[in-house]
Amino acid sequence: MIKTAVARLAAIAGAVVVSAVGAPALAHAHHQDVTPLPVAYSLGVNFSVPCSGQLTGFVHTPHDRPGMVTVSVTWLPFFTTQCHNAISVNYLSASGSDGAGSGNPSILLPSDSRAFVPLTGQVTFPMPSGGGSVVVAPNAVSTTYLNPLANTVRFTVA
């Protein structure tokens, strides 16, 4: 009789543990508002070392503006030069590969830059609620092109 009760208790406890561990996480309305972009280094336009620099930034998906995504970038030039700086933002909604929620806008930065003085810019675009991803790259060969999957940032849109 005691063996039967212990066996039942063990079976119930085991079922509870398996249910708790194997159950999917509960969805909630809170998501991370700011997702940092990976750091990318670039040789600059036409492999020119004088136009080289570092690209950083973040993706902002605010709760107070559902369906809107803002990508902010900072370009840190390594030299004082006049270089054409266009930052490409390739974004894609998890809801589909074409149409609303996907695009490729550019962020144009001033062409006259001073060494180690950051240049900033941003672009805002609509995206359906749910998941999304973005790859941000300068208009020259960079570490982003060497491994685009490592530079893909995934985020949630309210």
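User: Which residues does Val71 touch, not counting residues up to four places away in sequence?
Analyst: Val71 touches Leu37, Phe58, Val59, Val89, Ile107, Gly121, Gln122, Val123, Phe125, Val134 and Val136. Contact means heavy atoms within 4.5 Å. Two notes before we go on. This is a predicted model, where local features need pLDDT of at least 70, side-chain atom pairs count only at pLDDT 80 or more, and totals for chains, interfaces and linings use all residues. Residues are numbered from 1 along each chain as its sequence is written, and side-chain values use heavy atoms, with hydrogens and water left out.

User: Which residues touch the most other members of the largest nonpolar core?
Analyst: Val71, Val134 and Val136 do, in a core of 22 residues. A nonpolar core is a set of buried Ala, Val, Leu, Ile, Met, Phe, Trp, Tyr and Cys residues joined through side-chain atoms within 4.5 Å. Buried means under 20% relative accessible area, exposed over 50%, and partly exposed in between (1.4 Å probe, protein chains only).

User: Which strand gives the most to this core?
Analyst: Strand 4, with 4 residues. Strands are DSSP runs of E, at least two residues long, numbered from the N terminus.

User: New topic. How many aromatic pairs are there?
Analyst: The count is 2. Rings of Phe, Tyr and Trp (its six-membered ring) pair if their centres lie within 6.5 Å; planes under 30 degrees apart count as stacked, over 60 as edge-to-face and the rest as tilted. Phe78 and Phe116 make a tilted pair, 5.9 Å centre to centre, with 40° between the planes. Phe78 sits in the loop between strand 4 (68-77) and strand 5 (81-82), and Phe116 in the loop between strand 9 (112-113) and strand 10 (119-126), so the pair ties together parts 38 residues apart in sequence.

User: Is Phe116 buried or exposed?
Analyst: Phe116 is exposed, at 54% relative accessible area. Phe78 is partly exposed, at 24%.

User: What about Tyr91 and Phe125: how does that pair look?
Analyst: Tyr91 and Phe125 are stacked, 3.7 Å centre to centre, with 10° between the planes. Tyr91 is in strand 6 (residues 85-93) and Phe125 in strand 10, 34 residues apart. Both Tyr91 and Phe125 are buried.

User: Last one. Where is Thr74 found?
Analyst: Thr74 is in strand 4. Thr74 is partly exposed, with a relative accessible area of 25%. The C-alpha atoms of Thr74 and Pro118 are separated by 6.2 Å, though the two residues are 44 apart along the chain.
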